[in-house]
Amino acid sequence: MELLCIRQWISGLLPTWLSAWCIKPVGGALVRQEPEYILLALMGSPLKKIMLCSSEKEIFSVEEQVMVQHSVIINNMIEDGSYNHEESKIPLDCVDSKTLKKVIDYCTHHTHHHNDNQEDLEAWDAQFLNVDSNGLYDLLMAANYLEIRNLLDLIYGTIKNMIKGKKIDEIRRIFNIKDHGFTPEEEEQNRKEYPHFY
Amino acid sequence: MEPEDDKSETSTTISTLPDSILCNILSFLPTRTSIATSVLSRRWRHLWKHLHVLNLDGYSFNTPELSRDHVEDRFVDFVNEVLQQVQVRRIQKFRLEGEVRNYSCTLSFWIDAVTSGPHLQELYLSLWNSSGSFYTLPYSVFSCTSLVSLILKGDIIVSFDNLQSLQLPSLKNLDLEIISTELDKLLSLCPALETLKVFIFFNSGGIDPNEIHVPRSLKRLTLESEACDSTVDHLEIHTPSLEYLDIALVACYSQISVRTYPNLVEACLNICFDDMHIDWMPKLLNAVCRTKFLALQASTTACLICVPSLEFPQFFCLVRLQIGFEFFNSRVLIDLLHCCCKLEALLIHACESVSYGCLYGEPVEPSSWTQPVSVPSCVVSHLNIIEFRDYEDLEEEHEFIAYVIERGLVLKTVTIHTRTFTDQEIKDHILKKLSVVPMGSSICQLKLD
């Protein structure tokens, strides 16, 4: 009976400790947490969390270490002390909830799986970017604002592949550029200048 | 990945993104393509002129109808045109690859212009010249104080008369795969270097260092050299911050000076068999004893086997070991396993085929299995994964695998890859033989292909 009370007391006190310590299911596989996490958990301190607030005023709690590793902006905020753990949340007025959740997903996965082999990480990235154009541009703006280098490079790489080697009409279609704004004479001139592009 | 063709009115076009982001997109494209995007729409017309990144590819100007000289002229005109339209002093990254036959002077002029800007961070040159002459890199590169990354490949020569007023204080990344350089002098200009990747073409009379002193700030080192006849006296790697080490040495170093690298995470050693190396092999192994991941290529293992009374250091942090053998040697492997108390993953590669091969014309006696006196502790407590490539089902190989399967209490997967062209019958036979071995771990899975 007493043991149960103590256990409940501990789990009430440090919920993150439990999830950090356990073997937990991630995408169908059982993933063992890395030694550093276990060590922190055994030392009894909960993994520090920070609060991010989307433009729709929804609050997301995420491990500080995860965001600090990926976002230069958030790292700077925490280092220069402008973020107070007890009280404040970081307002991200230009990132909506849906996008913020995806950004957090990306950072969390890459922090926890940084020891995985390259192919697995690339496959996960490809799956992660399987979104429509609006979603992609929102992610790009968010990653740019938060200065998350590897996510930016990933998205830029994807967009680059939409342009490279393609003809003008196809690129206009992919990017949904319905009205190019050139006069017929200008368009004629364009064709002459870049014949291989048409 | 292609976005869905969204015809609803709420879909945004890419053109609603701000200029700076569109420019960033362009900076990932070859400059020729970036300029062509000016016809996408009015919005894109002048965007490319704000580019801070130039990717100039001389090869893309090749067309079968034109002569090589003509192609080169077109490329030179193109680059001159581009440099006039963009703000040269704001260029952050300059990347140029191609063949340089007649335009070395113009090239130096471009490089001088670009390095004079206070913002240049990355310079990448890949120049090949089939007519046999080389391009000498202008001095302006070595006084570019903002340069963070310098990558040189091909028929380029780097040489200094004197080092006065030359410095690369911001250089963090240096990648050289060139004909000739005074490597040590160049390294002395880079006190903040973190990543160094060098491929040494010894034979071409190229980089000819008697001594190489690697900067102390270094975190990642990749050193690869071709065969040579001469000797390098001294290679010194005193780098306390070293995290990643990848050496592939064929050349002869009479002396190598290393210290233990306390922050080492990954080490790959590929040392070709040579009498001279044996003396310093144990020193090198000691220096990497703190690493988490270790890869020993077959030739390195062959070197180690030849060291008289070799004693492995304790690899306290080693989690993953990749080891190649010319011919599988279980005794050496077991000795090594005794020193890796935390090993979780073991990948073995037996490179040469005993059935087909003869070592230097002599028929090979496969070494035989001796039951170890004591079980390596990592097998019992930590080893999760074993993989064996080019498995031939020799008695020694089989006995080793069976030994580990029986005693590996936490083994999760054992994967055997047979040599290509192995009959299905033989594969079935191997699988059958191994399946009857009593498994020490209840969750162990045996896979064979």
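B:Val375 is partly exposed, with a relative accessible area of 32%; in the terms used here, buried means under 20% relative accessible area, exposed over 50%, and partly exposed in between (1.4 Å probe, protein chains only). The residue is found in the loop between β18 (362-363) and α9 (377-381) of chain B, where helices (H or I, at least four residues) and strands (E, at least two) are DSSP runs numbered from the N terminus. Together with B:Val380 and B:Leu409, B:Val375 forms a nonpolar patch on the surface, with about 210 Å² of accessible area in total. Patches are made of residues with over 30% relative accessible area and no salt bridge, like charges being joined within 9 Å and nonpolar side chains (Val, Leu, Ile, Met, Phe, Trp, Tyr) within 5 Å. Accessible areas come from the Shrake-Rupley method with a 1.4 Å probe, and for residues only the protein chains shown count as cover.

The model is predicted: local features need pLDDT of at least 70, side-chain atom pairs count only at pLDDT 80 or more, and totals for chains, interfaces and linings use all residues. Residues are numbered from 1 along each chain as its sequence is written, chains are lettered from A and ligands numbered from 1 in the order in which they are written, and side-chain values use heavy atoms, with hydrogens and water left out.

**Chain B overall**

The secondary structure of chain B comprises 11 helices and 21 strands. Of its 449 residues, 50% are buried. The accessible surface of chain B comes to about 20500 Å², and carbon and sulfur atoms account for 49% of that area. Among the contacts in chain B with a separation of 6 or more, 66% are between residues 24 or more positions apart, a contact being heavy atoms within 4.5 Å.

B:Leu337, in helix α8 (residues 330-337) of chain B, counts as buried at 1% relative accessibility. Neighbours within four places in sequence aside, B:Leu337 is in contact with B:Leu343, B:Leu346, B:Pro376, B:Cys378, B:Val379 and B:Phe400. The C-alpha atoms of B:Leu337 and B:Lys49 are separated by 60 Å, the two residues being 288 residues apart along the chain.

**Aromatic rings**

A pair of aromatic rings is described by the distance of the centres and the angle of the planes. Rings of Phe, Tyr and Trp (its six-membered ring) pair if their centres lie within 6.5 Å; planes under 30 degrees apart count as stacked, over 60 as edge-to-face and the rest as tilted. By this rule there are 16 aromatic pairs over all chains. In one of them, the rings of B:Phe61 and B:Phe78 have centres 5.1 Å apart and planes at 50°, so the pair is tilted. B:Phe61 lies in the loop between β1 (53-57) and α3 (68-85) of chain B, and B:Phe78 in helix α3, so this pair ties together parts that are 17 residues apart in sequence. Both B:Phe61 and B:Phe78 are buried.

For B:Phe142 and B:Phe160, the ring centres are 4.9 Å apart and the planes stand at 65°, so the pair is edge-to-face. This pair links distant parts of the chain, 18 residues apart: B:Phe142 is in the loop between β4 (135-136) and β5 (149-158), and B:Phe160 in the loop between β5 and β6 (173-181) of chain B. B:Phe142 and B:Phe160 are buried as well.

Ring pairs also join B:Phe325, B:Phe328, B:Trp369, B:Phe388, B:Tyr391, B:Phe400 and B:Tyr403 into a cluster.

A charge sits over a ring if NZ of Lys or CZ of Arg is within 6 Å of the ring centre and within 35 degrees of the ring normal. B:Arg95 lies over the face of B:Tyr124, at 3.9 Å from the ring centre, and B:Arg320 lies over the face of B:Phe293, at 4.5 Å.

**Salt bridges**

Side chains of opposite charge can pair when their charged atoms come close. A salt bridge is a side-chain nitrogen of Lys or Arg within 4 Å of a carboxyl oxygen of Asp or Glu, and the structure holds 17 of them over all chains. Three are listed below.

| Residue | Partner | N to O distance |
|---|---|---|
| A:Lys101 | A:Asp105 | 3.9 Å |
| B:Arg419 | B:Asp390 | 3.7 Å |
| B:Glu177 | B:Lys153 | 3.6 Å |

B:Glu177 lies in strand β6 and B:Lys153 in strand β5 of chain B, so the pair ties together parts that are 24 residues apart in sequence. B:Glu177 is partly exposed at 28% relative accessibility, whereas B:Lys153 is buried at 18%.

A:Lys101 and A:Asp105 are 4 residues apart in helix α6 (residues 97-112) of chain A, and are therefore separated by about one helical turn. A:Lys101 is partly exposed at 46% relative accessibility, as is A:Asp105 at 37%.

B:Arg419 counts as buried at 14% relative accessibility. B:Asp390, B:Glu392 and B:Arg419 are linked in a network of salt bridges.
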